[in-house]
Amino acid sequence: MELNYWWILPLAAATLTLALARAARRSRGRDVRPVAHSGRLTALPQYRRALRCRRRWLTTAVVAGFLLLTATALAAARPAERSTTQPELRNRDIILCLDVSGSMAGTDAALTGVFERLAKEFDGERIAMVMFDSRAVQLFPLSDDYDYVAGELAAARKAFDDGGDDFFSGTWGGNGSSLVGDGLASCLRSFPGTGQDANRSRSVILATDNYVSGAPFFTLEQAAQLATPKGIRIHALNPGDLDYGGDRNQPGARLRAVAESSGGSYFALDNPAAVPGIVQKVQEGEAAAHQGAAQLVVADRPELPLLAALLSGAVLLLAGWRLER
Amino acid sequence: MASLLQQVQSKMFIFAHRRALALLDGEYGSVFKGRSLDFDDLRPYTPGDEVRDIDWKATARHGSPLVKRYVAVRRQTVLLVADTGRNMAALAASGECKRDIAVQALGVLGYLAHRHGDVVGLVHGDAEVSRTVPPRRGEDHLERLLQEVDRSAVLDGGPSGIARQFDFVLRNFTRRMLLVVVADELLPGAATEMLLRRLQARHEVLWFTVRDAELAGPVVADAFEVADGSGIPSAIAADPRVRADYLQARTEREQRRQEFFRRLGIAEGRAGSSTEVLPELFALLERHRTRTSHRTRASHSSGRTTSPEGRQHAG
């Protein structure tokens, strides 16, 4: 809390002192009647009562007047709160890129469940979902219609839970299964290219175990190269990391390399229940990476002095009315 | 400085025409009576003279009323006893300074005494000190007395305490004389009452009260007590409930004062403004006369069998 015009306070104090001095001088010169035997009046209980009452109201009036002056002077000095804020990033685009081969059902369900929840809190973010097996299918494009998104995600989660084959039928019929490279490429292509969207932060959450059977058009690494020019980060979730030893060609290691080279992160999952924690971590990481410049915010905060002024003004009016009667 | 006596006289002559003044002279003359029964001569009746003093036989012979004059009537000493503490610098009921009204009363009485050829002395002061001007004759002397009172009763003077002046008179004046006490609406205590009783045994005592300012009511200015400087806010003084209580308390206080004077048998007059002084003084003298005439008549009737002189004059 600080004052923009602090010099108003000494000014107000000086003015008050001057006014008091003037009033005192004037009251000294005022006509006062000398009387004798005032005990005739002052000894009366009624007089004492009236005097006590008057003294009380006078004290009240003086205190209220002083408070009123102080509060208005404070308000006139413009108390302001100076704070630095880190504007939260609300312009993210997130694409859920889910491998829907049979082994992934639990993770996918957990992931869609988390995003279904998150979608309700989103404000400005856009989210899309692509699922792939041997072919990639975009369930819904980047959208900030959160009701729609939540509906779609709920349907997807239900399908993952129930193993609803109809839902995934578009992802079959390709050349093999679990073609991760093709799926990732489709996801990365789902981001709009240019225009005002270009400066939004982009990330892909890729859930796959990276066990490819068949011949994809893109290898994982080739697909990942598409991410670099668009500045897309890939966060990989692997529920079936069975890597053993330091061989770089194992599926888990390759996935990790791809994710980290794009600036994203890699998580090996033991249990679908860990998904919410991981999503949270990803979110925080994103926020940290995309923090806006700290901004200095100076906000006037006159509420308290003005409220005090209002109250003391009311009390002063009441006291004045009582004293005038 | 304008002559105070002239001011007093001008006020006297404005408010009372010549006949009223003659009446006042007569009243004053009959204040001293019953002290000596030595017959001196006859003089024409003046309104205000006691009817009892008319010599009916001489009147019948002469054709116009004649009054018997006694030796003792001629020369008297009048001692003015005035409070000149700071109470007398406060305001009177009319809003004038009480001192001015006191000076007016003292001046009128002094002037009457002067016209009568009496000597006038002054004892005045406050609770701490008493001052005296010995009895003498003459307008200059009277003027000096008035100036002294006027000069002494100021706001930064000592606190008022008339008992001290009574004590002073008791100790310093033994010859019988007429005491005229001029004070404000004080409520005398037991000690003052004792002093007054002793004074009354020795002297004729008249009491003239200068009425104090009203304290409660729609007054415009705040007031302060001259004794201790404490203030009375006008807002409280104007409070109708306070005013009602005050009026009741004032009535009770006045009753106690009246009771006090009745108990001591002292005639009291009171004025709240300088215009009231003359009629009030007149009423005071009248009251004193009727009171003493009762007393002397009582002593006459009791002394009739034993005193041949008394019988002679009563007849």
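Let's start where the two chains meet: helix α3 of chain A and helix α9 of chain B pack at an angle of about 155°, with their axes 8 Å apart. Axes here are lines fitted to C-alpha atoms, for helices over the stretch in contact, and angles run from 0 to 180 degrees between N-to-C directions. The helices and strands themselves are DSSP runs (H or I of at least four residues for helices, E of at least two for strands), numbered from the N terminus. α3(A) and α9(B) are therefore roughly antiparallel to each other, a label for angles over 145 degrees. Their crossing is left-handed, that is, the near helix is turned anticlockwise from the far one by less than a right angle. On α3(A) the contact is made by Gln46(A), Tyr47(A) and Ala50(A), and on α9(B) by Arg241(B), Val242(B) and Asp245(B). Two residues are in contact if their C-beta atoms, placed from the backbone, lie within 7 Å.

Before going further, a word on what you are looking at. This is a predicted model, in which local features need pLDDT of at least 70, side-chain atom pairs count only at pLDDT 80 or more, and totals for chains, interfaces and linings use all residues. Residues are numbered from 1 along each chain as its sequence is written, while chains are lettered from A and ligands numbered from 1 in the order in which they are written.

Now widen the view to the whole meeting of the chains. In total, 31 residues of chain B are in contact with 18 residues of chain A. On the chain B side, the elements giving two or more residues are β8 (223-225), α8 (234-237) and α9 (240-264), and α9(B) supplies the largest share, 7 residues. By class, this side has 20 nonpolar, 1 polar and 10 charged residues; Ala, Val, Leu, Ile, Met, Phe, Trp, Tyr, Cys and Pro count as nonpolar, Asp, Glu, Lys and Arg as charged, and the others, Gly among them, as polar. Strands take part too: β2 of chain A (residues 33-35) runs parallel to β8(B), joined by 3 bridges. Two strands pair if DSSP finds at least two bridges between them. Opposite Ala223(B) in β8(B) stands Arg33(A).

Returning to α3(A), which spans residues 45-76, you will find that this helix also packs with α12(A) (residues 303-324), at about 150° and with axes 8 Å apart. These two helices are therefore roughly antiparallel as well, and α3(A) passes α12(A) in a left-handed crossing. Their contact has 17 nonpolar, 6 polar and 2 charged residues.

Next, the sheet of chain A. Its 6 strands form an open sheet in the order β6-β5-β4-β8-β10-β11, with mixed pairing. At the edges stand β6 (136-143) and β11 (266-268), each with a single partner strand, so one side of each is left without a neighbour in the sheet. From one strand to the next, the twist averages 10°. Inside the sheet, β4(A) (residues 92-99) and β8(A) (residues 201-207) run parallel, joined by 7 bridges, and Leu96(A) has Ile205(A) as its bridge partner in β8(A). Helix α7(A) (residues 180-189) packs on the sheet, touching β4, β5, β6, β8 and β10 of chain A, and its direction makes about 160° with that of β4(A). Helix α10(A) (residues 251-261) lies across β10 and β11 of chain A, at about 155° to β10(A).

Methods. Parallel < 35°, antiparallel > 145°, perpendicular 65-115°, else oblique.
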